[in-house]
Amino acid sequence: EESMRQLERGIQSGTLCFHFENLYRRKPGLSLNCARLPENMDKNRYKDVLPYDATRVVLQGQEDYVNASHITVAPPVSGVRLCYVAAQGPLPQTCTQFWQTVWEQQTHTIIMLTTLTERGRTKCHQYWPHPPEVKDYGHMRVKCHSEECNLAYVTRHFTLTHTKRGEERAVTHLQYVAWPDHGVPDDPSDFLLFVSSVRERRKGEEPLMVHCSAGIGRTGVLITMETALTRLDKGQPVFPLDIVKTLRDQRAMMVQTTVQRNKAWIYVLLNDKSLSPY
Ligand code: PTR
Ligand code: PTR
């Protein structure tokens, strides 16, 4: 497969690495004004990880800010666009906005790529109730029906009810638990299995909600991998740097570290069992 081999050459020769290091982390000229408003600063988990005004998710109502960005990846020929909402891990004071985002963006799938704590530090607030409990977040009522673990990830089934409207929806939660921030998943086959479960959740251009702690490193890698695998499935070439640039044009700093970028491509290659990534 020619596109695979091109990718392999880029990794081996180091050209991919060189260009990645030189790619801007933040697109010049895009503002972050709303995220920086004094009343919004405590809604940001990290002061330095903020959504652009141009692509931020705007909530309905007066308080319209949430640290989340719309991400759209152009379709491969004869395919649909891949749509995402990339978000930070909710804080105790932003769970309501998080669920409001899920409701308003009409997503039925939440992909969580972090654990609640790592090395003793809080990475994300637990924004859902334990099964079989029900918990209200503003007008959003969340019931957790079940929680099943396999080796690599946890699947939860929620019913989300808009209590003001009396409408409800089923939401599936997939949490990958073996991926530290700034790092890479330990086990490529586990992770590829997870990515394929994510891909099975796709329904047309409905967005997937993806978050980690900051919503840039691990979230960026997952989106990069789904994009690459989707293109390769359609027999189309993959331009790794273009993908990362497309993501950073929509949310700054997507795909954080060189090791994340390297491993993402190695895992893409490993997905094709006939090729060696080294
Ligand atoms: N705190 C950010 C960081 O170091 O990750 C600051 C930062 C943001 C640095 C953007 C660089 C950025 O992009 P550029 O290199 O294009 O100015
Ligand atoms: N200022 C924090 C830091 O650099 O540690 C921001 C940050 C935290 C950035 C986590 C990325 C992080 O990883 P992820 O986006 O995968 O949660």
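**Cysteines and ligand 2**

Colleague: Quick one: is Cys-83 buried or exposed?

Modeller: Cys-83 is buried, at a relative accessible area of 8%. Buried is under 20%, exposed over 50% and partly exposed in between, with a 1.4 Å probe and protein chains only. Mind that this is a predicted model, where local features need pLDDT of at least 70, side-chain atom pairs need 80 or more, and totals for chains, interfaces and linings use all residues. Residues are numbered from 1 along each chain as its sequence is written, chains are lettered from A and ligands numbered from 1 in the order written, and side-chain values use heavy atoms, without hydrogens or water.

Colleague: Okay, how many disulfides are there?

Modeller: The count is 0, taking a disulfide as two cysteine sulfur atoms within 2.5 Å. For Cys-83, the nearest cysteine sulfur belongs to Cys-212, 19 Å away.

Colleague: Switching topic: which residues come nearest to ligand 2?

Modeller: Ser-213, Ala-214, Ile-216, Gly-217 and Arg-218, out of 13 around ligand 2, counting residues with a heavy atom within 4 Å.

Colleague: What does Arg-218 do there?

Modeller: A side-chain N or O atom of Arg-218 is 2.8 Å from an oxygen of ligand 2. A polar backbone atom of Ala-214 is 2.9 Å from a ligand 2 oxygen, and one of Ile-216 is 3.1 Å from a ligand 2 oxygen.

Technical notes. A polar contact is a pair of N or O atoms within 3.5 Å; within protein, one must be able to donate a hydrogen and the other to accept it, and residues adjacent in sequence count only if both atoms are side-chain atoms.
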